[in-house]
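Welcome! Take a moment to look over the chain, and then we can walk through it together.

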Amino acid sequence: MDIASDVMPYVTSAISAYGAAVLTKTTELAADTTVGRGTRILQRIFGRGDADSSKAIERVAKAPDDELNRSALQLAIREALEEDPTLADEIAQMLPAGRVVASGERSVAVGGDNSGLIITGDSAKVEYPR
């Protein structure tokens, strides 16, 4: 399991909500929300005020759709977790069990069985036999 990849939807949601100030966000957030979980993950990993990690967060805050910025943040997260296996275990426990994450525009994630249609296109037409 690549925890750094697994946390990205949460941390990018938190950065989108709070920008570079995400590490200083102190109000209580619901534990089960994406933004709340992402905020706590970032604070736990980067709460010590490392300048390099703050730059990675600032870059994602300024250009959230830039894949290079997101990859740099993911690499910083991966390096932090590799340096501290205990931290990696803590972060893994912060993620919901049996999670299914869809990431990106028009993404779809199904956590179980789906017996219906899933349509993600513009102006899609569905025709049923008569």
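A salt bridge here is a side-chain nitrogen of Lys or Arg within 4 Å of a carboxyl oxygen of Asp or Glu. This is a predicted model, in which local features need pLDDT of at least 70 and side-chain atom pairs count only at pLDDT 80 or more, while totals for chains, interfaces and linings use all residues. Residues are numbered from 1 along each chain as its sequence is written, and side-chain values use heavy atoms, with hydrogens and water left out.

Let's begin with the overall layout. The protein chain has five helices and zero strands; helices (H or I, at least four residues) and strands (E, at least two) are DSSP runs, numbered from the N terminus. Of its 130 residues, 28% count as buried, where buried means under 20% relative accessible area, exposed over 50%, and partly exposed in between (1.4 Å probe, protein chains only).

Now find helix α1, which covers residues 3–18. Its end C-alpha atoms are 22 Å apart, which agrees with the 22 Å that its 16 residues should span at 1.5 Å a residue; the expected span is 1.5 Å times one less than the number of residues. Even so, α1 has a kink of about 35° centred on Pro9, the bend at a residue being the angle between axes fitted to the seven residues ending there and the seven starting there. Buried residues of α1 include Val7, Met8, Val11 and Ile15. After α1 comes Gly19, with a positive phi near 65°.

Which helix holds Leu73? Leu73 sits in helix α4, residues 67–83, and counts as buried because its relative accessibility is 0%. Beyond its neighbours within four places in sequence, Leu73 is in contact (heavy atoms within 4.5 Å) with Met8, Val11, Ile15, Phe46, Ala56, Ile57 and Val60. The C-alpha atoms of Leu73 and Ala56 are 5.2 Å apart, although 17 residues separate the two along the chain.

Finally, turn to the charged pairs. Side chains of opposite charge can pair when their charged atoms come close. The structure holds three salt bridges. In one of them, Arg78 pairs with Asp2, their closest N and O atoms 2.5 Å apart. This pair links distant parts of the chain, with Arg78 in helix α4 and Asp2 in the segment before α1, 76 residues apart. Another joins Arg44 to Glu90, with 2.7 Å between the closest N and O atoms. Here too distant parts are linked: Arg44 lies in helix α2 and Glu90 in helix α5, 46 residues apart.
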